[in-house]
Amino acid sequence: MEAELVNRVANSGLITLDLEEYYHPGERIVYDLKDNLFMGLILKEKDFRAFLKEHDWSQYTGKNVAITCTEDAIIPTWAYMLLTLQLQPYANTIVFGSLADLEEKLYFDAIAQINPEDYRDVRVVVKGCSKVPVPTAAYVELTRVLRPVVQSLLFGEPCSTVPLYKRPKV
């Protein structure tokens with residue numbers, strides 16, 4: 001007589017949370033203010049304001065934009081604010097910083113939509129492998145959100161996990 005195979009993973013009560021499912025598929029671009037600098041050194045307010053009026057901002061529709069300046073120039077804060085005002089009606093998301101900063105913001109926004117109560121008193125495995133890059137900051141944020149409610153938190157795959165947290169018995 002053959003022994004019946006038991007899927008212990010399926011019977012474990014573990015819930016797998018895959019951050020890859022929270023990846024925003026929209027295009028990511030960098031708007032570099034270096035292109036608006038006079039002689040690569042300074043931002044002239046009058047010229048910049050004229051550019052803002054003339055530029056076709058609709059090309060940023062639905063895109064995720066990181067605003068930065070890669071030149072070693074002093075850019076007044078109001079320039080970033082004016083640029084944001086022009087982009088906001090069109091872009092999906094706007095951040096100051098790099099593409100990495102943008103990716104973190106997109107994940108943070110997605111994690112903010114998670115209802116922690118859906119994970120109350122549950123054993124959660126945060127999937128470790130994904131086909132898209134998931135910033136470490138997203139894992140940190142997810143841990144911060146879930147820790148107060150989960151019974152336990154693990155990392156990896158249900159068949160091979162790294163235990164992270166287990167609520168103390170009271």
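Leu 41 is exposed, at a relative accessible area of 56%. Exposed means over 50% relative accessible area, buried means under 20%, and partly exposed lies in between (1.4 Å probe, protein chains only). The model is predicted: local features need pLDDT of at least 70, side-chain atom pairs count only at pLDDT 80 or more, and totals for chains, interfaces and linings use all residues. Residues are numbered from 1 along each chain as its sequence is written, and side-chain values use heavy atoms, with hydrogens and water left out.

Start in the loop between β2 (28-32) and α1 (45-54), where Leu 41 lies. Helices (H or I, at least four residues) and strands (E, at least two) are DSSP runs, numbered from the N terminus. Leu 41 belongs to a nonpolar surface patch with Phe 38, Met 39 and Ile 42. Together the four residues have about 430 Å² of accessible area. Such areas come from the Shrake-Rupley method with a 1.4 Å probe; for residues, only the protein chains shown count as cover. Patches are made of residues with over 30% relative accessible area and no salt bridge; like charges are joined within 9 Å, and nonpolar side chains (Val, Leu, Ile, Met, Phe, Trp, Tyr) within 5 Å.

Asn 36 is also found in the loop between β2 and α1. Asn 36 counts as buried because its relative accessibility is 14%. Its side chain joins that of Tyr 31 in a polar contact of 2.7 Å. A polar contact is a pair of N or O atoms within 3.5 Å; within protein, one must be able to donate a hydrogen and the other to accept it, and residues adjacent in sequence count only if both atoms are side-chain atoms. Leaving aside neighbours within four places in sequence, Asn 36 is in contact with Tyr 31, Ile 42, Leu 43, Phe 48 and Phe 51. Contact means heavy atoms within 4.5 Å.

Now move to helix α4 (residues 136-146). Its buried residues are Ala 138, Tyr 139, Glu 141, Leu 142, Val 145 and Leu 146. They cover an arc of only 165° around the axis, so they sit on the same side of α4. The arc is that of the directions from the helix axis to the C-beta atoms. Their cover includes β1 (14-17), α3 (99-112), β5 (123-127) and β6 (152-157). The face turned away from the buried side carries the exposed residues Thr 136, Val 140 and Arg 144.

What links Arg 144 to Glu 141? Their side chains meet in a salt bridge (2.7 Å, N to O). A salt bridge is a side-chain nitrogen of Lys or Arg within 4 Å of a carboxyl oxygen of Asp or Glu. The two residues are 3 apart in α4, which means a separation of about one helical turn. Arg 144 is exposed at 54%, whereas Glu 141 is buried at 14%.

By this rule the salt bridges number 8. Another pairs Arg 49 with Glu 45, the closest N and O atoms being 2.9 Å apart. Arg 49 is partly exposed at 39%, and Glu 45 is partly exposed at 40%. Asp 121 forms a salt bridge with Arg 167, again with closest N and O atoms 2.9 Å apart. This pair links distant parts of the chain, 46 residues apart: Asp 121 is in the loop between α3 and β5, Arg 167 in the segment after β7 (160-166).

Finally, look at Ser 152 in strand β6. Ser 152 counts as buried, because its relative accessibility is 8%. Not counting residues up to four places away in sequence, Ser 152 touches Val 122, Arg 123, Val 124, Tyr 165 and Lys 166.
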